[in-house]
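Thanks for making time this morning.

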Amino acid sequence: MNRLGKFGLVIIAIFFLVALFAPLIAPYDPRVQTQAKPGQSREERYQPSREHLLGQDDLGRDVLSRIIHGARVSMQVGVLVVLISALIGVLIGAISGYYGGWVDHLFSGFLFNVFMSFPSLLLAIAMVAFLGPSLRNLILALSIIGWVGYARLIRGQVLKVREYDFVTAARAIGTSDVRIVLQHILPNAIQPLIVQASLGMAGAVLSEASLSFLGLGVPPPTPSWGSMLNDARPFLRDAPHLLIFPGIAVMLTVLAFNFVGDGLREWLDPKQKR
Amino acid sequence: MQAQALVEIKNLTKHFPAAHGQVVRAVDGVSFNIQKGETFGLVGESGCGKTTVGRCLLRLIEPTNGEIRFDGQDLLQLGKGEMRALRRRLQIVFQDPYSSLNPRMKVGDIIGEPLVVHSIGNKQERKDRVADLLKVVKLDPDYANRYPHQFSGGQRQRIGIARALALNPDFIVADEPVSALDVSVQAQVVNLLQDLQEQFGLTYLFISHGLAVVEHISTRVGVMYLGKLVELAPAVELYQTPKHPYTQALLASIPLPDPEQTRDRARIALGGEVPTPLNPPSGCRFHTRCPYAMEKCKITEPEFKEVAPGHFAACFLNE
């Protein structure tokens, strides 16, 4: 893989470890609000200090600890949304591509287009607003808007792979459709999905931040990068770093996933190998 | 002799739907029988429908019309389960040794898959059978643990043959099994197929685009042009006394190692391209390229009839 891809992998690995061991790493409980110390003004409390490396927010919570714990939400959303939507996408895409005919017309001719015609974030907002904000509903909503991309990709791949002679050979042997798809078609069709999935994780992290920013993500007091941005918005003038630090966390994560995606694309494509 | 035919094909027709409501007449009323133990060579240019005939025989493509009998059973009437059971007796070897093997499966799993699918034997028995099959096609049994990309075209073709043999079939459609191979390797694979035929009493439908390869292996040969059979005869007879101008042209196109020899042969060089099967020519389909075409060839279609014992041709010249 190229250098940027490796760099991305390292960043993601670090974020994963941080998310996994957040309670051990974080210096404070991210939910605990504290009073200002005697003689300490609001403005002073925002500022980074020795005790609070990235400062405290309006409610006196440690920003560093909140960012560290926020990684948990982002990583969970990234991984779960991609897993669920890829699973749905592969299933529907494979059925649509393998059987063709009216099944394909129904799925790719109708269903895919209906889903793609919605502005995806708007649909997610509507769903979360309807179901009520929670981590589970957020993941559900993002998965429901996310699967179409995977389904289209897999359908196209299946259409290509099913014409290979080894698939015909399997049919000549009397292999069942399920086995043909699982044993012969999917293993040869899934490769581009890996790239799509790593880019999809970036998208999911970003969508989670957007929804949380709008107050439709993970409900407080659970820390999430998007809700931190939202909470810090009124103090943009006095304490811009309250926005900047979680912003950097989102940016780094999304960038890292994109680097990995591009790196994988290049790495898996023999034509691009130098 | 006719009663014992292993495969009987009657009026086989396959039309593929094409754009704008047109149909591609890939196979248009083909009838022939294949006797048990023989090798039936099916020859024709690209696009003449020979591969479609082979695939229809195994019901990998559903024919539009016609009748296919295998060992007396009407294949097209069989239900899904019955057809699946019968697949053990009908197998296929493909032209392209690269796309015919799943690149993500080990050779042993590829050859053993028919056994798994039909639940034959346990793990160890299947492993032994795969090793035997590799030996039968003259490959090292240790190759079972390798992946297809580690092999040459000829070796891959042997792996494909081993897979086809796994279920002890009676009948194998060999769809241009050597066309993609080097000339030096072609002979090896053809010889292997012949050895296997003797050893296991196989019947072949051997599809090829040239008459040269088919000559060695075939008992009888059928020549197809644009979805129709134009000539059918015992191999020796077809090569010595071809009755259809198209067969004569195909024979003339075989390169000979000795340039002196070519002069003894009738020289027919065909001009032009094969007409589109979307809209085949009227009358005799070959009249657009036939050097002997007469007025009536454009209007009436010549009957496919016996011109000598066991020798059929569809041409007015033989009347």
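This is a predicted model: local features need pLDDT of at least 70, side-chain atom pairs count only at pLDDT 80 or more; totals for chains, interfaces and linings use all residues.

Let us begin with strand β9 of chain B, residues 220-225, where six of the six residues are buried, so the strand is largely enclosed by the rest of the structure.

Residues are numbered from 1 along each chain as its sequence is written, and chains are lettered from A and ligands numbered from 1 in the order in which they are written.

Which strands pair with β9(B)? Strand β3 of chain B, residues 39-43, pairs with β9(B) in the parallel sense over four bridges, and there B:V43 has B:V223 as its bridge partner. Strand β10 of chain B, residues 228-234, pairs with β9(B) in the antiparallel sense over six bridges, with B:P234 as the bridge partner of B:R220. To count as a pair, two strands need at least two bridges between them as found by DSSP. β9(B) and β10(B) form a hairpin with two residues between them, and B:L226 in the turn has a positive phi of about 50°.

Elsewhere in chain B, four strands form an open sheet in the order β2-β1-β4-β5, with antiparallel pairing. Its edge strands, each pairing on one side only, are β2 (23-34) and β5 (73-74). Strand β1 of chain B, residues 7-17, pairs with β2(B) over nine bridges in the antiparallel sense, and B:F16 has B:V24 in β2(B) as its bridge partner.

Taking chain B as a whole, its secondary structure comes to 10 helices and 12 strands. The radius of gyration is 20 Å, close to the 20 Å that the globule rule gives for 319 residues, so chain B is as compact as a globular protein of that length; the radius is taken over C-alpha atoms, and the rule is 2.2 Å times the number of residues to the power 0.38. Of those 319 residues, 42% count as buried.

Now to chain A, where the axes of helix α1 (residues 3-20) and helix α4 (residues 63-99) come within 8 Å and cross at roughly 110°. The axes are lines fitted to C-alpha atoms, for helices over the stretch in contact, and angles run from 0 to 180 degrees between N-to-C directions. α1(A) and α4(A) are therefore roughly perpendicular to each other, a label for 65 to 115 degrees, where under 35 is roughly parallel, over 145 roughly antiparallel and the rest oblique. The contact is made by A:F15, A:F16, A:V18 and A:A19 of α1(A) together with A:I68, A:A71, A:R72 and A:M75 of α4(A), contact meaning C-beta atoms, placed from the backbone, within 7 Å.

Definitions and conventions: Two residues are in contact if their C-beta atoms, placed from the backbone, lie within 7 Å. A residue is buried if 20 or more other C-beta atoms lie within 10 Å of its own, exposed if 12 or fewer, and partly exposed in between; C-beta atoms are placed from the backbone.
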